[in-house]
Amino acid sequence: MKRWIMVVPLAVFLLVAVFLYKGLFLKPDELPSAMIGKPFPAFALASVQGDRNLTQADLLGRPALVNVWGTWCPSCKVEHPYLNQLAERGVVIHGVNYKDDNGAALKWLAEYHNPYQLDIRDEQGTLGLDLGVYGAPETFLIDAKGIIRYKHVGIVDASVWREQLAPLYQGLVDEAKP
Amino acid sequence: MRRGLAAVVLGLALGLGLAGVARAAIDTYQFRDDAERERYQQLTKELRCPKCQNQDIADSNAPIAADLRREIFRMLGEGKNNAQIVDFMVDRYGDFVRYKPALSARTWLLWFGPGVLLAGGFVVLAVIVRRRRATVAHGANELSVEERERLAKLLEKEQTHD
């Protein structure tokens, strides 16, 4: 009589166990970006070098990584050599120097090499705000039409590139070819 | 004299300590009126800091929270309404930044889940109570003829054992 009731605690336990197990692999500090699928926000900012004015139109034409960085950010220093490597391999990377002292940024780029095709100078953090940036480093992947396709929060290293960014980037490069 | 000085120093130290606890982030913004100040306070409490995720942006010392407070102040100055300001944040940081999530297909369970669970509990409770009542009404506390015979047999067995 009412044997099934004895299964209830086991069922509840299994249900809770499934949720807790899933919880082990969640990364609550990595927010899903609200910007995926939206065009790169409009901006009009100087370059870090101060020699030109940049707008969102300058990002069009080919898929690229847009790396948000600052000299105040220790993780940016960690990923910088890998960005240099990627740039050498022909990956298009643009930099957004986010809420930084421009002098320090210039010094950094001179010292550690500059992997960026465009150096956007976002001293006030306005572009960062429009991008939904909440820290650094963050790396966006945009397609040739300037649509944001992916965002990676944290350091880009060999495994992040291999497993997450490279397949998407390659896909966008292929897509851009007629 | 010495004691008095010590008491003053101690009092000051305590006071300073408490002052630090009271509110983490203090900005100096000039509002047009009290209504605007209130809206600012309400909005900064309703929005969550993307960096330090268990704080609202009113409470957080993170630079991003300060930026967002500044943006809110700016938008209030531009005469935007609360919905516009919240939408501005959600457009950039996602639904995550709302402590009070919008009602949608995705958040339906979040909003009504507790109510559904509570209702379920009441249903179970009602079923149990009704069954109890039914059994009491049928005089289930009394033994049937069959049961009485079985009881008598068992008792007999017991006695023979003695």
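User: Which residue follows α3(B), and is its phi positive or negative?

Analyst: α3(B) is followed by Gly79(B), and the phi of Gly79(B) is positive, near 80 degrees. Helices here are DSSP runs of H or I with at least four residues, strands are runs of E with at least two, and both are numbered from the N terminus. This is a predicted model, in which local features need pLDDT of at least 70 and side-chain atom pairs count only at pLDDT 80 or more, while totals for chains, interfaces and linings use all residues. Residues are numbered from 1 along each chain as its sequence is written, and chains are lettered from A and ligands numbered from 1 in the order in which they are written.

User: How many helices and strands does chain B have?

Analyst: Chain B has six helices and zero strands, giving the pattern α-α-α-α-α-α along the sequence. Of its 162 residues, 13% are buried (20 or more other C-beta atoms within 10 Å of their own; exposed means 12 or fewer, partly exposed in between, with C-beta atoms placed from the backbone).

User: What span should α3(B) have?

Analyst: The expected span is 1.5 Å times one less than the number of residues. The 15 residues of α3(B) should therefore span 21 Å, and its end C-alpha atoms are 21 Å apart, which agrees.

User: Which residues of α3(B) are buried?

Analyst: They are Ile64(B), Ala65(B), Leu68(B), Arg69(B), Ile72(B) and Leu76(B). Down the axis of α3(B), these buried residues fall within an arc of 140 degrees, so they line one face of the helix; the arc is taken from the directions between the helix axis and the C-beta atoms. They pack against α2 and α4 of chain B.

User: Why does Val97(B) count as buried?

Analyst: Val97(B) counts as buried because it has 24 C-beta neighbours inside 10 Å. Val97(B) sits in the loop between α4 and α5 (108–137) of chain B. Two residues are in contact if their C-beta atoms, placed from the backbone, lie within 7 Å. Not counting residues up to four places away in sequence, Val97(B) touches Leu47(B), Arg48(B), Pro50(B), Met89(B) and Val90(B).

User: How many residues does the largest nonpolar core have?

Analyst: A nonpolar core is a set of buried Ala, Val, Leu, Ile, Met, Phe, Trp, Tyr and Cys residues joined through C-beta atoms within 7 Å. The largest one has 40 residues, and Ile142(A) and Leu68(B) have the most contacts inside it. Elements that give two or more residues to this core include β6 (138–142) of chain A and α3 (63–77) of chain B. Leaving aside neighbours within four places in sequence, the contacts of Ile142(A) include Phe40(A), Leu59(A) and Val66(A).

User: Is the peptide bond from Ala136(A) to Pro137(A) cis or trans?

Analyst: This bond is cis, with omega near -5 degrees. Pro137(A) lies in the loop between α4 and β6 of chain A.

User: Is Lys99(A) buried or exposed?

Analyst: Lys99(A) counts as buried because it has 21 C-beta neighbours inside 10 Å. Its phi is near 45 degrees, a positive value in a residue other than glycine. His113(A), also not a glycine, has a positive phi of about 80 degrees; His113(A) is partly exposed, with 13 other C-beta atoms within 10 Å.
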